[in-house]
Amino acid sequence: MRFAIATPQFAVDPAEVRRFLVRAEELGFIGAWTQEQILGTKPVISPLELMAYAAACTERIRLGCAVFVTPLRNPVHLAKSITSLDQLSGGRIDVGVGVGGRFRPFAAFDSGPEHLVTRFTEGLDLMKRLWTEPSVTFDGQFWQLKDAGMEPKPVQRPHPPVWFGANHPKALRRAVRLGDGFIGAGSSTTEKFVDQVKLVRAATAELGRPDFRIAKRVYLAVDDSAERAKARIGEALGQLYAHFGLGDLTSVAVYGTPDDVVRGLREVRDAGAEWILLNPMFDEHEQMERLAAEVIPQLS
């Protein structure tokens with residue numbers, strides 16, 4: 001069982017983020033991950049810029065985002081940003097991608113919900129080609145290039161690992177076909193993750209992808225008082241997802257005493273997660289230390 005940690009991203013103090021990341025590396029977390037929320041009332045730092053800052057603060061820990069909603073982005077710009085990050089970090093970048101759903105405010109991004117999956121797959125194909133080919137000629141429905149190069153290439157070959165956020169059975173199969181891993185959303189329950197893993201494993205067997213990896217983001221809160229943990233994680237999730245109108249998300253989180261959190265994470269592990277992205281929503285330094293000292297040793 002391996003663990004990554006969520007990088008503090010909400011109204012952050014740069015010095016505190018640096019201290020957090022240095023300590024996460026000292027504690028042996030395999031990765032420090034961000035997420036993307038461009039619009040919303042909660043103050044969230046952009047993942048690309050935060051990952052660049054994290055690369056300067058650390059030496060070994062891997063850095064990722066789960067996920068970039070790529071139909072809202074220009075794939076040429078995103079490919080350039082990611083290859084630059086991979087260069088600056090010495091090859092430590094992981095890339096999460098997702099379709100994002102039709103409820104997004106597409107007009108704000110000069111995009112649209114029409115042909116959403118085609119836009120997603122075409123953009124991903126273009127990014128991979130820019131990362132791997134010396135000269136790209138691309139005649140897509142949405143993007144066209146002729147004899148275009150992008151240098152330098154990423155340090156990681158053929159390119160940084162691509163993780164899919166997905167929910168629908170077709171999207172899960174697409175993840176196995178086009179990606180390197182699947183990361184279950186923090187906003188989904190462990191029970192739902194169980195069903196997703198079954199579909200992913202069936203697809204990996206069918207498509208011959210034994211190297212395909214499975215992970216899960218888990219929103220959590222460790223507290224000596226289970227009731228206080230529940231109240232605080234519920235409030236934090238409500239603020240984060242207020243823009244999406246998803247209602248009470250307390251049921252997706254793992255919270256309570258250290259023993260409660262151990263039990264919840266064991267369920268995620270037993271559901272099929274090969275590594276877990278631990279995502280405290282408040283008091284990130286204290287939460288990380290308690291997870292490292294009181295929770296993770298019981299899951300080794």
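**Exercise 1. Determine in which strand threonine 34 is found, and which residues it touches.**

Solution. Threonine 34 is found in strand β2; helices (H or I, at least four residues) and strands (E, at least two) are DSSP runs, numbered from the N terminus. This is a predicted model, in which local features need pLDDT of at least 70 and side-chain atom pairs count only at pLDDT 80 or more, while totals for chains, interfaces and linings use all residues. Residues are numbered from 1 along each chain as its sequence is written, and side-chain values use heavy atoms, with hydrogens and water left out.

Next comes accessibility. Threonine 34 counts as buried at 2% relative accessibility, where buried means under 20% relative accessible area, exposed over 50%, and partly exposed in between (1.4 Å probe, protein chains only).

The last step is the list of contacts (heavy atoms within 4.5 Å). Not counting residues up to four places away in sequence, threonine 34 touches Thr7, Gln9, Pro47, Leu50, Met51, Gly64, Cys65, Ala66 and Arg217.

**Exercise 2. Describe the surroundings of leucine 278.**

Solution. Leucine 278 lies in strand β11 (residues 275-280). Its relative accessible area is 0%, so leucine 278 is buried. Leaving aside neighbours within four places in sequence, leucine 278 is in contact with Phe3, Ala4, Ile5, Ala6, Phe29, Val218, Leu220, Leu265, Leu291 and Ile296. As for proline 161, it is 117 residues from leucine 278 in sequence and 20 Å from it in space, C-alpha to C-alpha.

**Exercise 3. Carry out the analysis of helix α3.**

Solution. Helix α3 (residues 75-89) has 15 residues and reaches 21 Å from its first C-alpha to its last, close to the 21 Å expected at 1.5 Å a residue. Its buried residues are Pro75, Leu78, Ala79, Ile82, Thr83, Leu85, Asp86 and Ser89. Seen down the axis of α3, these fall within an arc of 155 degrees, so they line one face of the helix. On the other side of α3, His77 and Leu88 are exposed. The cover over the buried residues of α3 includes α2, β3 (62-69), β4 (93-98) and α4 (116-132).

At the start of α3, a side-chain oxygen of asparagine 74 reaches to within 2.8 Å of the backbone nitrogen of valine 76. Just after α3, glycine 90 takes a positive phi of about 75 degrees.

**Exercise 4. State how many aromatic pairs a search of the whole structure finds, and examine examples.**

Solution. The search finds seven aromatic pairs. Rings of Phe, Tyr and Trp (its six-membered ring) pair if their centres lie within 6.5 Å; planes under 30 degrees apart count as stacked, over 60 as edge-to-face and the rest as tilted.

One of the pairs joins phenylalanine 142 and tryptophan 143; it is tilted, with 5.8 Å centre to centre and 55 degrees between the planes. Phenylalanine 142 is partly exposed, with a relative accessible area of 22%, whereas tryptophan 143 is buried, at 14%.

Phenylalanine 182 and phenylalanine 193 form a stacked pair, 6.2 Å centre to centre with 20 degrees between the planes. Phenylalanine 182 lies in strand β8 (residues 181-184) and phenylalanine 193 in helix α6 (residues 190-207), so the pair ties together parts that are 11 residues apart in sequence. Both phenylalanine 182 and phenylalanine 193 are buried.

Ring pairs also link Trp33, Trp163 and Trp275 into a cluster.

Methods. Expected span 1.5 Å × (residues − 1). Arc of directions from axis to C-beta. Polar contact = N/O pair within 3.5 Å; in protein donor to acceptor, adjacent residues only side chain to side chain.
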